[in-house]
Amino acid sequence: MIRHGSLRLRLFILILTPLVLLAILLGYWRYTVAQQTAQELFDDSLLSAGLAISRDVAVSEGDALSPTTRSLIRDASGGEIFYHVTGPGGIYVTGYAYPPAAAKPSEQDAYQPRFFEAIYRDEPVRVLKMTERVTLGNLVGDATVTAWQRVADRNAFANELSIRAASLMGILLATLAFVVWFGVARGLRPLLDLQDAIDLRSPDDLSEIKRPVPVEVYGIVQTLNRLFGQVEHSINAHQVFISEAAHQLRNPAAAVQSMAETLRDAKTDEDKDKRIIELVAAAKNSATVAEQLLSLERLRQPTHQDQMDKIDFRAVVEEACAEMGVQILAKGIEFDVTMPDSTITVSGDQVFLTEAIKNLLDNAVKHGGTKLSQISVALRADGENVKLTVSDDGTGLAPEQSEAVFSRFSQLEYSEGSGLGLSIVSAVAKRHGGVAAINKVEKGASVTLQLPIAL
């Protein structure tokens with residue numbers, strides 16, 4: 001038996017894998033959203049700072065910024081804000097010298113706030129530039145406020161947001177993994193209980209499993225119950241077969257022993273020769289019964305495709321008739337064989353087919369009775385099937401006797417046969433997808449073996 005690992009682990013991986021992939025996608029989306037959100041927040045803070053600086057410059061006429069504005073500039077979103085203010089005519093008012101400039105001049109309205117990227121002291125910065133009409137003392141003109149912030153501060157804030165989201169998602173995934181791992185174990189408990197129940201059974205207990213099981217396991221339990229039933233039926237059949245075989249072999253063995261004892265006590269050579277002939281006949285009968293029993297047991301085994309060959313059934317019939325014909329003619333019985341000129345191909349086992357044909361002929365000889373004078377064999381193709389019919393003018397068989405005739409060790413009346421011949425014929429027919437049947441005739445017996453023709 002090959003083991004494929006833990007079912008619990010497989011279910012755990014199958015459930016958790018898509019969740020991890022989804023978490024990765026959500027994490028990437030959350031990181032992107034965090035970056036965008038940070039940009040919007042910082043731009044809003046930068047704009048608020050620019051407006052506050054512009055207001056203070058106008059109110060104080062360029063002298064100073066209010067404490068509130070300075071606090072806003074210092075603590076806006078956790079990142080420092082730099083600024084530069086010029087009054088009418090480009091006169092420096094307050095702030096840091098040399099503000100960053102845009103790489104390309106803007107074509108938009110000069111009085112609209114404008115954001116752009118630039119470099120300040122070898123660091124990338126985000127810049128806001130806005131121009132307003134103001135009055136400083138006795139001067140009236142445009143005042144320009146430039147405020148900027150390090151991009152690194154913005155990224156640090158965005159990364160912090162992403163890390164918080166990732167940490168929360170990681171905690172949720174770990175919790176979910178814990179729940180799934182123990183939840184799967186809980187869900188598989190009925191399977192383990194079923195295994196324990198089967199382990200507690202004795203080897204002789206092949207009764208049905210009747211314990212309640214989940215719907216997903218119900219099919220497996222049904223299959224097990226069917227398998228138990230088949231095994232029990234097979235064991236019972238073997239026991240019956242062994243019992244019947246022992247009974248059938250006991251009589252030939254006893255006959256051989258009796259003949260041997262009689263031979264030992266023979267008084268004359270003539271009597272001794274007679275006993276030897278009887279002993280040989282009894283030994284042959286015993287060997288025949290043993291061989292037929294082995295054939296029946298082999299026929300019980302499953303049919304494998306590699307055992308089936310394309311066979312010329314006409315040639316098989318010819319060979320079997322030639323071999324049995326010598327014995328039949330030696331008994332003074334007429335023997336007639338009719339076959340078509342063309343080849344008839346069937347798919348099967350040549351050994352079993354030959355044995356079935358011989359058993360048909362042997363059955364006719366042994367059960368034909370004292371009136372038996374003729375045996376005929378006819379082979380013909382009938383549509384998709386081939387039919388081999390063995391007929392005789394002996395005691396006779398009727399179709400209503402089929403069940404008894406095709407049963408093992410069954411005889412309608414006492415004869416030297418074992419009662420296995422026609423049961424072997426029936427088993428061979430079933431093994432090859434065919435059927436054996438008794439035909440209704442006015443005189444004697446007629447048995448047909450029908451097999452499908454190979455395409």
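Start with helices H7 (residues 313-330) and H8 (residues 350-367), whose axes come within 9 Å and cross at roughly 35°. The model is predicted. The crossing of H7 and H8 is right-handed. To see the contact, show side chains on both helices: H7 supplies Phe313, Val316, Val317, Glu319, Ala320, Cys321, Glu323, Met324 and Ile328, while H8 supplies Gln350, Leu353, Thr354, Ile357, Lys358, Leu361, Asp362 and Val365. Coloured by class, the residues of this contact split into 11 nonpolar, 2 polar and 4 charged.

Next, select strand E12, residues 445-452. Of its 8 residues, 6 are buried, so E12 is largely enclosed by the rest of the structure. Strand E10 (residues 385-392) runs antiparallel to E12 and is joined to it by 8 bridges; one place to look is Asn385, whose bridge partner in E12 is Pro452. Strand E11 (residues 435-438) also pairs with E12 in the antiparallel sense, over 4 bridges. Here Ala437 stands opposite Thr448 of E12. Then go to the hairpin of E11 and E12, where 6 residues lie between the strands and Gly444 has a positive phi near 75°.

Last, centre on Ala177 in helix H3, residues 151-187. Is Ala177 buried or exposed? Its relative accessible area is 16%, and because the cut-off for buried is under 20%, Ala177 counts as buried. Leaving out residues up to four places away in sequence, Ala177 touches Phe12 and Leu16.

Note on methods
Residues are numbered from 1 along each chain as its sequence is written. This is a predicted model: local features need pLDDT of at least 70, side-chain atom pairs count only at pLDDT 80 or more; totals for chains, interfaces and linings use all residues. Side-chain values use heavy atoms; hydrogens and water are left out. Helices (H or I, at least four residues) and strands (E, at least two) are DSSP runs, numbered from the N terminus. Buried means under 20% relative accessible area, exposed over 50%, partly exposed in between (1.4 Å probe, protein chains only). Contact means heavy atoms within 4.5 Å. Axes are lines fitted to C-alpha atoms, for helices over the stretch in contact, and angles run from 0 to 180 degrees between N-to-C directions. A crossing is left-handed if the near helix is turned anticlockwise from the far one by less than a right angle, and right-handed if clockwise. Ala, Val, Leu, Ile, Met, Phe, Trp, Tyr, Cys and Pro count as nonpolar, Asp, Glu, Lys and Arg as charged, and the others, Gly among them, as polar. Two strands pair if DSSP finds at least two bridges between them.
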